[in-house]
Amino acid sequence: MDRQQVEKTALLARLKLSESEVVKFTDQLTGLLDYVAILNEIDTDDVEPMAHAVEVSNVLRDDEPVASLARDDALSNAPKTDGVYFLVPPILTEG
Amino acid sequence: MSIVGSTTEELLGQLASGDVSCVELTSAYLDQIAARDPEVQAFLRYDRDDALRQAERIDAKRQSGQPLGKLAGLPVAVKDNMCTKGQPTTCASRMLEDFVPPYDAHVVTRLKEADAVLMGRANLDEFAMGSSTENSAFQVTRNPHNAEFAPGGSSGGSAAAVGAGMTPLALGSDTGGSIRQPASFCGVVGMKPTYGRVSRYGLVAFASSLDQIGPLAGDVTGTARLLEVIAGHDARDSTCVDLPVPEYTQSLNEPLSGLTIGIAAEHFAEGLDPEVESTVRSALDVYTSLGATVKEISLPHSRYAVATYYVVAPCEASSNLARYDGVHYGFRAESFENMIDMYATTRGEGFGDEVKRRIMVGTYALSAGYYDAYYLKALKVRRLIREDFDRAFADVDVIASPVTPTPAFKIGSLVDDPLAMYLQDLYTLSANLAGIPGISIPAGTSSGGLPIGLQLLAPAFEEERLLRAARMFEQESE
């Protein structure tokens, strides 16, 4: 894993990394991915992937309405709110 | 008889007979916290007055003759990644430093219904990512047996709190060994139930296909009692299985006749500390003397477990932790240039080193061009690991192994080497990948005076067998 890949991955992950973190992660992630390469020793052509330990599907609850979180509760941990909405920085600028 | 150091059954007996009130009992543990926790630092927060108020309510309930829950009057510490309504739940992260959940986790509801006293919030590695509790953003927990050593992790606060006698019971969560490894390091019993046995509703998600909440206690009986309270169906976690919960405490003292224990050569390979190996082998001798048969099995894919886990878990983590965006809850950076920069700066400042590392690994392994090579490959190997267990359990009832390759390591000794830290989980994380239950029980002490644990694994939903097998050994070593 090179520096460019680390920077691209950090962008995808929305993580601002310091210069020292970029250097450290380039080294550490390379080591980890090298280690993970031992998985290539195994032939898995005919193996079904296993995403979950208990392979249940289509678990449905009864179709009965239940109360959802009250708005004040839902907003109670928001870093910025006007009491009605979550507030975010402007995403459109006047052109 | 002193309160601190008594077993949960002894405490329940004293409470029931009226020899001790819940207030007296809770005070004794609070005093122990005041005496021990300045050094051990297992608790992120505890509130003496709140604990005593809960105790008063339980005493009043008992005096008025109302029916009492299964834990009536017993203190329980809760790992700080399980939501408690109206009280901070930080995950030991700056990101959630001020987060106050508007609801209770299912297990917290169960504890309240069982009349437990919620003692306080136990320290952990940030978002449960780590094996030493050094990744907490707030404090480093110390091993109660020797403060220079790590308590293990990520449920290090829970294990150290029980190990130091500051609470008889604690809840932890186990994604790759995070209950069993610290239990082993701190000389207590810790169990990861089958995936789906305990609802994850209100547990802050790390890796959703691997996370499972479980009990820690000073003995097997306390562990069984706490499991009995938290296990069972909850519709709010769609992976929580609707199966009846046995009364584990009722059958616990019945030995398993004709028990066959599997041991895998792969668990005794290079890198295993000789004292750990001899402790596990002596435990097997104890079982043999009780009439059990020990049989060699093979888990050929176990050497790939660490690699498989450190793809699957970070992939799930990178997806789960995408929710920390500085908008809905949690920390938001103060200065940034635009919306995207707000996300990135918030996450860069709010997350610690190990969390960032795992988000990076997961994001990379799931990104275009790498998904098949890493994530899909790991999921296929995960099935092979599970099939190894299926084959083994056709021949044996339980599998015995070390919990960790070494006894507790020194604080600071592995923090700069993530791979060496990950290899700590070598023997524990297969159970999470396969979804099966596992328990760590104290089995010996190293020449350096540190506890050494024994791990037992059983097929899915065979917690009763696991607890009875563990109890057989415990009874013999009493």
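This presentation covers the interface of chain A and chain B, and then several features within chain B.

The model is predicted: local features need pLDDT of at least 70, side-chain atom pairs count only at pLDDT 80 or more, and totals for chains, interfaces and linings use all residues. Residues are numbered from 1 along each chain as its sequence is written, chains are lettered from A and ligands numbered from 1 in the order in which they are written, and side-chain values use heavy atoms, with hydrogens and water left out.

I begin with the interface. Here 50 residues of chain A are in contact with 65 residues of chain B, where contact means heavy atoms within 4.5 Å. Between them the two chains bury about 5200 Å², with 68% of it on carbon and sulfur atoms. Buried area is the accessible area (1.4 Å probe) that two parts lose on being put together, summed over both. Of the area that chain A buries against chain B, 13% is supplied by A:Arg14, A:Met50 and A:Asn77, more than any other three residues.

The rule finds four salt bridges across the interface of chain A and chain B, a salt bridge being a side-chain nitrogen of Lys or Arg within 4 Å of a carboxyl oxygen of Asp or Glu. One salt bridge joins A:Glu41 to B:Arg303, and their closest N and O atoms are 3.0 Å apart.

Which elements give two or more residues to the side of chain A that touches chain B? They are α1 (3–12), α2 (19–36) and α3 (71–75) of chain A. Helices (H or I, at least four residues) and strands (E, at least two) are DSSP runs, numbered from the N terminus. The largest share of that side, nine residues, comes from α2(A). By type, the residues of the side of chain A that touches chain B divide into 33 nonpolar, seven polar and 10 charged. In this count Ala, Val, Leu, Ile, Met, Phe, Trp, Tyr, Cys and Pro are nonpolar, Asp, Glu, Lys and Arg are charged, and the others, Gly among them, are polar.

One residue of chain A deserves a word here. A:Ala78 lies in the segment after α3 of chain A. Is A:Ala78 buried or exposed? A:Ala78 is buried, with a relative accessible area of 13%; buried means under 20% relative accessible area, exposed over 50%, and partly exposed in between (1.4 Å probe, protein chains only). Leaving aside neighbours within four places in sequence, A:Ala78 is in contact with A:Phe86, B:Val327, B:His328 and B:Tyr329.

I move now to chain B and its strand β4. Six of the six residues of β4(B), residues 169–174, are buried, so this strand is largely enclosed by the rest of the structure. B:Leu169, B:Leu171 and B:Ser173 point one way, while B:Ala170, B:Gly172 and B:Asp174 point the other way. Strands pair if DSSP finds at least two bridges between them. β2(B) and β4(B) pair in the parallel sense over three bridges, and B:Leu169 is the bridge partner of B:Val76. Six bridges join β4(B) to β6(B), residues 212–217, and these two strands run antiparallel. In β6(B), B:Ala217 stands opposite B:Leu169.

Helix α4 of chain B comes next. Its buried residues include B:His106, B:Val107, B:Val108, B:Arg110 and B:Leu111. Among the elements that cover the buried residues of α4(B) are β2, β3, β4, β6 and α7 (220–230) of chain B.

Some backbone details follow. Just after α4(B), B:Asp115 takes a positive phi of about 65 degrees. B:Ala92, in the loop between β2 (75–79) and α4 (106–113) of chain B, has a positive phi near 55 degrees and counts as buried at 0% relative accessibility. B:Thr133 lies in the loop between β3 and α5 of chain B; its phi is positive, about 65 degrees, although it is not a glycine. The peptide bond from B:Gly153 to B:Ser154 is cis, with omega near 10 degrees.

The side chain of B:Ser302 reaches the backbone oxygen of B:Leu299 at 2.9 Å.

Methods: A polar contact is a pair of N or O atoms within 3.5 Å; within protein, one must be able to donate a hydrogen and the other to accept it, and residues adjacent in sequence count only if both atoms are side-chain atoms.
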